[in-house]
Amino acid sequence: MSEYGKIFVSFFKIGLFTFGGGYAMLPLFRQELVNKREYIDENELLDYYSIGQCTPGVIAVNVATFTGYKICGVWGAVVATFAINLPSLVIIMALAGILNTLSENPLVAQAFAGIRVGVIALILNEVIALFKKSIVSKFQIGMFVCILILLFAVHLSAIAVVLFAAATGGVKYWWGK
Amino acid sequence: MLYGLLFFEFFKIGLFAIGGGMVTIPFLFDLTKKYDWFSAEELTNMIAVSQSTPGPVGVNMATYAGFQTAGITGGLVATFGLVLPSVIIVIWVSKLLNKYAENPWIQAIMSSIRPAVAALILLAGVELCKLSVTDWQSALFATAFFLLVHFYPKSPIFYILLAAVLGIVLKL
């Protein structure tokens, strides 16, 4: 398979098997792009999420565009973006007529209730994995605690905490020089 | 003309909705006031459906809203409009990142941002917990499932399918 074909398959799979969008998609991004294909490393994936949070548009799509560009330049970005969107396009348009009634079917509702709880476990597991590889220094652990407080107690927005962390990192570097 | 308008409106949403899928919702409610494409009630259904079908929520909503308004071409045009601004901006940012990846300033800033993203992920998990873990059965299921995921690492796809099956078997 050509490189573009592989990019297409990876991102199509991510689009097809993730529910809930955004951070719920992170476990599959990591499995496909970091563990399996080794296109990017753990830190790059996190960087793409943090920048994808601050650039306009849908975060998961932004991460796909970033990764596609990293692998194969502009055309890699286009293929990855197209592939991650394709399952949504096909599924929504094929099922639009019956989607409302489908979600009232008890079996479907139970399956989705199961998926919603399963996704929580996957997301929390992701946070633990991050501590093993990407959050290692005392400064980073302190920053994590500080951001948690800003999010839960002060209810700062996602963009605000990312910008705060960036500014603090910049000041710390300038101070240490 | 309708297609042009759809493209323009969703391009605007793609350009100004910073922070992901959920941020597009207020923009979509504005559309219900401005045009008679879909009602606020239909939009509420679309949000529920978009969260339970695979893929990014923002993309699902654009496809659904576009499809409701103008059929298959409408779905394609709205999704293309939503995604286009971010593709252009992200490619541009990627070029800058490649150029300055070795810059110590950028490295210091990125390593400081990573813990923030980890905290955001934790927040997303907690928010989902509040919505879905509502009684002792679901709390038990969530805890057991977490231990399984943590100690027997397998593909997330496997675990999502397993969670769906368990949801049916346990009648969640």
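**Helix packing and the chain contact**

Guide: Start in chain B, where α3(B) passes α4(B) in a right-handed crossing. Bear in mind that this is a predicted model.

Visitor: At what angle do α3 and α4 of chain B pack?

Guide: About 135°, with the axes 9 Å apart. Helix α3 covers residues 40-52 of chain B, and helix α4 covers residues 57-100. At that angle, α3(B) is oblique to α4(B).

Visitor: Which residues in α3(B) and α4(B) meet?

Guide: From α3(B), they are E42(B), M46(B), I47(B), V49(B), S50(B) and Q51(B). From α4(B), they are V57(B), N60(B), M61(B), Y64(B), A65(B) and Q68(B). By type, that contact has seven nonpolar residues, four polar and one charged.

Visitor: Switching topic. How many residues of chain A are in contact with chain B?

Guide: 88 residues of chain A, against 80 residues of chain B.

Visitor: Which helices of chain A supply at least two residues of that side?

Guide: α1 (3-17), α2 (26-36), α3 (42-54), α4 (59-102), α5 (106-133), α6 (138-152) and α7 (158-176).

Visitor: And how do the residues on that side of chain A divide?

Guide: 55 are nonpolar, 28 polar and five charged.

Visitor: Which residues in α1(A) are buried?

Guide: I7(A), S10(A), F11(A), I14(A), G15(A) and F17(A).

Key
Residues numbered from 1 in each chain as written. Chains lettered and ligands numbered in written order. Predicted model: local features only at pLDDT ≥ 70, side-chain atom pairs only at ≥ 80, totals over all residues. Axes fitted to C-alpha atoms, helices over the stretch in contact; angles between N-to-C directions. Helix = DSSP H or I, 4+ residues; strand = E, 2+ residues; numbered from the N terminus. Parallel < 35°, antiparallel > 145°, perpendicular 65-115°, else oblique. Left-handed = near helix turned anticlockwise from the far one by under 90°. Contact = placed C-beta atoms within 7 Å. Nonpolar A, V, L, I, M, F, W, Y, C, P; charged D, E, K, R; others polar. Buried ≥ 20, exposed ≤ 12 C-beta atoms within 10 Å, placed from the backbone.
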